[in-house]
Amino acid sequence: MTQDQKLTVGLAFTGSFCTFAKIREVAAQLAGQNIRVIPIYSDHVQNMDTRFGTAAEFQKDIEKITREKGLCTIQEAEPIGPTGYLDALVIAPCTGNTMAKLCAGITDTPVLMAAKAHLRNEKPLILSISTNDALGMNFKNIGMLMNMKNIYFVPFGQDNYKKKTNSMIAHTDLVSDTLEAALKGRQLQPVILGPQ
């Protein structure tokens, strides 16, 4: 890819709402690097208002940052496969629910359809995890996904090992570095970092 060619990266959001302030920063960082960022929203992100803000406000913020209208339906996400227009897809945050469904091949949200469609093109899928059960019920799913072709992880660590011993969250400041490595076919190391 020449300097004049812009990367096109999908940025897919699932419902770990407590991380949304950091995820806005990720969107801004990617957009600031001359990357075309295409937002993709899960159903929960589109419809759930929480103590961290409203769904409408979040989507408005992301679309202002990226200057792109987001993909909101399975039908809108499906053409990612046949057209192959994404160079990479980042799911940030990637919840335990999303990881479990990804492992099982379930495509019942726009984000999961985008992931399935994108993987068909053998291009990088990057997971920025945020789950309270990473060291519990989702531990096996993380292991399975780590061994799948074209799937990469933003390095992650325990976020509150005293009160939430199974919880792990990605170091979102490393999304850009992970993307750069994944585009070269490498997993950014080390994958497991100390507590945040």
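Modeller: A crossing of two helices is left-handed if the near helix is turned anticlockwise from the far one by less than a right angle, and right-handed if it is turned clockwise. Helices (H or I, at least four residues) and strands (E, at least two) are DSSP runs, numbered from the N terminus. The model discussed here is predicted: local features need pLDDT of at least 70, side-chain atom pairs count only at pLDDT 80 or more, and totals for chains, interfaces and linings use all residues. Residues are numbered from 1 along each chain as its sequence is written, and side-chain values use heavy atoms, without hydrogens and water.

Biologist: What makes H6 oblique to H8?

Modeller: Helix H6 (residues 96-104) and helix H8 (residues 139-146) pack at about 55°, with their axes 9 Å apart. Angles under 35 degrees count as roughly parallel, over 145 as roughly antiparallel, 65 to 115 as roughly perpendicular and the rest as oblique; H6 is therefore oblique to H8. The axes are lines fitted to C-alpha atoms, for helices over the stretch in contact, and angles run from 0 to 180 degrees between N-to-C directions. The crossing of H6 past H8 is left-handed.

Biologist: Which residues make that contact?

Modeller: Met-99, Ala-100, Leu-102 and Cys-103 of H6 meet Asn-141, Ile-142, Met-144 and Leu-145 of H8, where contact means heavy atoms within 4.5 Å. By class, seven are nonpolar, one is polar and none is charged. Ala, Val, Leu, Ile, Met, Phe, Trp, Tyr, Cys and Pro count as nonpolar, Asp, Glu, Lys and Arg as charged, and the others, Gly among them, as polar.

Biologist: Why is H1 called roughly parallel to H3?

Modeller: The axes of helix H1 (residues 20-31) and helix H3 (residues 55-66) come within 9 Å and cross at roughly 15°. That angle makes H1 roughly parallel to H3. H1 passes H3 in a right-handed crossing.

Biologist: How do you know whether Ile-129 is buried or exposed?

Modeller: Buried means under 20% relative accessible area, exposed over 50%, and partly exposed in between (1.4 Å probe, protein chains only). Ile-129 has a relative accessible area of 1%, so this residue is buried. Ile-129 lies in strand S4 (residues 125-131). Residues that Ile-129 touches, beyond four places in sequence, include Met-99, Ile-142 and Phe-153.

Biologist: What places Phe-153 among the residues that touch the most other members of the largest nonpolar core?

Modeller: A nonpolar core is a set of buried Ala, Val, Leu, Ile, Met, Phe, Trp, Tyr and Cys residues joined through side-chain atoms within 4.5 Å. Of the 60 residues in the largest such core, Leu-127 and Phe-153 touch the most other members. Neighbours within four places aside, contacts of Phe-153 include Leu-127, Ile-129 and Val-191.

Biologist: Why is His-118 called buried?

Modeller: His-118 has 0% relative accessibility and therefore counts as buried. This residue is found in helix H7 (residues 110-119).
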